[in-house]
Amino acid sequence: MAGFDSPYYATSKPLKPTTTSSISSKKGTLFSLAFILCLCSLSYLLGLWQHGGSPTTGAASSKIISLPCIQNANTTTTSSSRTTSETLDFSTHHVAHSDDDESLLPLVKIYPSCNVKYSEYTPCEDQRRSLKFKRDRLIYRERHCPEKQELLKCRVPAPYGYKNPFPWPKSRDLGWFANVPHKELTVEKAGQNWIRYEGKRFRFPGGGTMFPHGADAYIDDIGKLINLKDGSIRTAIDTGCGVASWGAYLLSRNILTMSFAPRDTHEAQVQFALERGVPAMLGVLASKRLPYPSRAFDMAHCSRCLIPWGQYDGVYLIEVDRLLRAGGYWILSGPPIRWRKYWQGWQRTKEELRDEQTHIERVARSLGWKKLVEKDDISIWQKPINNFNCKLNRKFNRNPPFCLPQDPDKAWYTNLETCLTHLPEVSDDQETAGGKLAKWPERLNAIPPRIRKGTVNGITADIFQQDSEIWKRRLSYYKTVNNQLGQHGRYRNILDMSAYLGGFAAALIDDPVWVMNVVPVEAQVNTLGVIYERGLIGTYQSWCEAMSTYPRTYDVIHAASVFSLYQDRCEMEDILLEMDRILRPEGSVIFRDDVVILVKVKKITDGLNWDSQVVDHEDGPLSREKLLFAVKLHWTAPASDATGSGSTTS
């Protein structure tokens with residue numbers, strides 16, 4: 001990362017504290033020395049007697065059983081003396097059998113560089129593959145992952161000239177052109193202050209389509225309408241985020257935003273967001289639920305995001321309703337809001353825009369939302385704190401109907417439905433469904449309502465608190481092995497591949513980083529709702545597939561027991577190749593797993609040209625669980641070879 005000259009090497013062991021022990025020497029007496037000498041002499045004579053004669057036969061005689069060894073074909077025998085003399089046999093005869101014969105081979109499989117055309121490859125949002133799917137409702141822009149036989153078995157290269165991004169907070173405003181070599185948005189959005197090209201760098205002025213004068217001023221306008229300062233709003237989602245300036249400037253207000261947009265004609269918009277050090281993912285509202293649990297966000301936002309909110313029976317607003325907490329806010333700016341002023345600039349008729357707003361208002365009312373305000377370019381609605389009154393109103397209007405009993409947190413390839421997700425039951429109309437959340441920052445360590453109410457199988461308040469303490473201790477240990485984890489600004493974007501209760505991210509809360517907390521869909525317990533109730537963010541993911549993000553997204557990847565979870569589910573090499581794709585050059589990886597698994601992992605990472613070392617568990621060498629610290633070396637596509645068959649390494 002810019003500004004840090006000392007690279008971190010995984011094989012540089014931390015200095016162990018030296019201990020000195022003072023041994024007090026005492027003068028022995030002549031009698032004690034003589035006694036020891038006698039004992040040694042007696043032992044020696046006894047040994048000679050045993051080898052020269054036979055043991056005395058008696059009632060307690062023992063029987064010695066000799067087990068034959070496997071005869072080595074290369075053994076030579078001579079009979080020139082009384083005993084048979086054999087050459088020493090160093091061959092192995094008693095071998096532990098393994099289901100994976102390759103794990104016994106000493107050779108390391110070397111993974112070549114992919115063609116440079118794959119430098120921005122997103123396997124599950126591949127633009128060529130997407131053309132096979134329906135364009136209706138933008139289904140072709142959803143996740144469509146490659147079949148097993150289509151998976152790349154090579155390392156995705158960084159573009160030539162790639163540099164580590166600027167450290168946060170400088171990265172919010174500046175990025176290297178070589179890292180994302182696209183100028184399209186500088187032309188297309190020139191009048192909206194999204195992004196500017198300045199020599200070898202991009203500058204992000206903080207503008208947007210509906211806030212050309214800057215996201216800061218726009219957020220201040222929102223703050224005049226709802227309270228953004230008291231800690232009641234902590235998590236937000238930005239649909240159709242552009243280069244994520246709204247989320248970038250909310251960070252200074254302690255509001256953490258999940259920004260998403262599809263991979264579309266706005267070239268590299270999400271990639272720019274990630275280069276800036278802002279949380280973002282590839283995603284689209286189409287036919288599937290977004291990969292987040294119900295009641296995850298305090299606030300949802302759309303600024304000219306071009307989502308047809310009033311169409312398809314309001315299915316997209318129904319999905320926003322699922323994602324919003326009880327009492328959460330939905331903010332809309334851009335078409336059709338204030339259409340009387342902008343209709344000509346939007347090149348649409350007054351009638352069309354009026355009808356669009358009428359449909360949105362109708363869907364919002366059917367969800368029980370209250371319109372708080374429409375001022376200038378901004379409209380804000382609020383979701384009710386429970387379904388108490390909504391159920392009473394359903395006697396007269398049942399559209400949309402309540403969903404049949406289902407898991408509202410299930411959101412991995414789950415179809416959208418035109419039914420209203422039930423909020424948890426309440427005893428009266430003043431109670432907040434699901435439980436009232438503490439304000440930030442108390443929210444981080446308060447017992448989450450899902451745990452407090454016993455709705456997360458097997459997770460108690462004691463387990464939650466113990467987990468938080470465990471991860472504080474583990475992070476402290478990590479920083480003794482990789483001291484750059486403690487350097488301000490060295491790392492920014494962090495991925496936790498199996499986050500459980502979000503303890504790792506919580507332990508990092510005082511560092512200038514953000515963590516994408518992944519709960520694998522194969523995990524025994526779905527804890528992503530708990531993570532959001534702590535004021536953190538994350539997503540569902542199966543690591544048998546690629547993540548919805550660009551190459552070189554993360555500075556650090558944390559993988560605790562990931563490969564134990566995916567044993568017999570998918571190939572270890574494919575997961576590690578995906579990790580290599582989304583890890584930045586000179587990025588770090590921390591694996592925690594059984595030692596046998598880590599030996600196999602290390603063999604593959606050696607083939608990926610990572611620098612790595614197995615380290616003892618923080619509790620000491622007797623634990624079977626070990627740590628593997630690894631660093632991806634800095635290498636790029638070559639300057640002159642357009643085919644990408646070579647690479648440059650530093």
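Mentor: Let's start with Cys-241, which is buried, with a relative accessible area of 9%. Keep in mind that this is a predicted model. With sulfur atoms within 2.5 Å taken as a disulfide, the count comes to five disulfides. If you number the bonded cysteines in sequence order, they pair as 1-4, 2-3, 5-6, 7-8, 9-10.

Take the link of Cys-114 and Cys-154, whose sulfur atoms lie 2.0 Å apart. This disulfide is right-handed, with 100 degrees about the S-S bond. It links distant parts of the chain, 40 residues apart: Cys-114 sits in the loop between strand S2 (85-86) and helix H2 (127-130), while Cys-154 belongs to the loop between H2 and strand S3 (174-176). Both Cys-114 and Cys-154 are buried.

Next comes the disulfide of Cys-302 and Cys-305, with an S to S distance of 2.0 Å. Its torsion about the S-S bond is about -95 degrees, so this disulfide is left-handed. Here, too, Cys-302 is buried, and Cys-305 is buried as well.

Now turn to Cys-544 and Cys-570, a disulfide with its sulfur atoms 2.3 Å apart. The pair links distant parts of the chain, 26 residues apart. You will find Cys-544 in the loop between strand S15 (538-541) and strand S16 (554-560), and Cys-570 in the loop between helix H15 (562-565) and helix H16 (572-582). The torsion about the S-S bond of Cys-544 and Cys-570 is about -80 degrees, so the link is left-handed. As for accessibility, Cys-544 is partly exposed at a relative accessible area of 35%, and Cys-570 is also partly exposed, at 22%. Buried would require under 20%.

That brings us to the packing inside. In soluble globular proteins, nonpolar side chains tend to be buried together. In this model, the largest nonpolar core has 131 residues, and those with the most contacts inside it are Trp-309, Trp-330, Met-579 and Phe-591.

Terms used. Residues numbered from 1 in each chain as written. Predicted model: local features only at pLDDT ≥ 70, side-chain atom pairs only at ≥ 80, totals over all residues. Heavy atoms only, no water. Helix = DSSP H or I, 4+ residues; strand = E, 2+ residues; numbered from the N terminus. Buried < 20%, exposed > 50% of the residue type's maximum accessible area, 1.4 Å probe, protein only. Core = buried A, V, L, I, M, F, W, Y, C linked by side-chain atoms within 4.5 Å.
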